Amino acid sequence: MSTRPRTQSSALPNIPIRSHHFSAILPTISPILTASAADLLAALQTHVETAGLRAVTQAGATFQPQGVSIVLILEESHVALHIWTECRKATVDIHVCDYSQDNFTKAKFLTERLTAWIAGNDRPRWHYWCIEG
């Protein structure tokens, strides 16, 4: 019997993907510090939808004595938010990919929405990376 390697009749297309990643450490306003994981997830879901992105599932955890982490998995990738109650800060990661459409503008708009929601009038600096392959 021959052990010749099998070949596929059709090769997968070489479709380029662009990945946008925004990250920030934001000062937090008081309502964020006392919100439950469920309340934070509901609010984050609203901001994601307003930005034109689509969440497909979510997870959240509350830590003792303090702190909350939440994640929304998006059709486009994910958004993670970690509340550091004792430091009055939040870390935020937004990662979206361009597969069938350019999502940069949506992700950038989401940074503005989350800054206003989490930091109020403070305007901290977001870090941005773009990776293509």
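## Aromatic pairs

A search of the whole structure finds 3 aromatic pairs; rings of Phe, Tyr and Trp (its six-membered ring) pair if their centres lie within 6.5 Å, and planes under 30 degrees apart count as stacked, over 60 as edge-to-face and the rest as tilted. One of them joins Phe 22 and Tyr 128, a tilted pair at 4.7 Å centre to centre with 40 degrees between the planes. Phe 22 lies in strand β1 and Tyr 128 in strand β6, so this pair ties together parts 106 residues apart in sequence. Phe 22 is buried at 3% relative accessible area, while Tyr 128 is partly exposed at 36% (buried means under 20%, exposed over 50%, partly exposed in between, with a 1.4 Å probe and protein chains only).

Tyr 128 also pairs with Phe 104, edge-to-face, at 5.4 Å centre to centre and 75 degrees between the planes. Phe 104 lies in helix α3, so the pair with Tyr 128 in β6 ties together parts 24 residues apart in sequence. Phe 104 is partly exposed, at 28%. Ring pairs link Phe 22, Phe 104 and Tyr 128 into a cluster.

## Basis of the model

This is a predicted model, in which local features need pLDDT of at least 70 and side-chain atom pairs count only at pLDDT 80 or more, while totals for chains, interfaces and linings use all residues. Residues are numbered from 1 along each chain as its sequence is written, and side-chain values use heavy atoms, leaving out hydrogens and water.

## Sheet and helices

Helices (H or I, at least four residues) and strands (E, at least two) are DSSP runs numbered from the N terminus. The open sheet holds 6 strands in the order β2-β3-β4-β5-β1-β6, with antiparallel pairing; two strands pair if DSSP finds at least two bridges between them. β2 (55–62) and β6 (127–132) are the edge strands. β1 and β5 pair over 10 bridges, and Phe 22 stands opposite Ile 94 in β5.

α3 packs on the sheet, touching β1, β4, β5 and β6, and its direction makes about 10 degrees with that of β1. α2 lies across β2, β3 and β4, at about 35 degrees to β3. Axes are lines fitted to C-alpha atoms, for helices over the stretch in contact, and angles run from 0 to 180 degrees between N-to-C directions.

Beyond its neighbours within four places in sequence, Leu 114 is in contact (heavy atoms within 4.5 Å) with residues including Leu 26, Leu 44, Val 79 and Ile 94.
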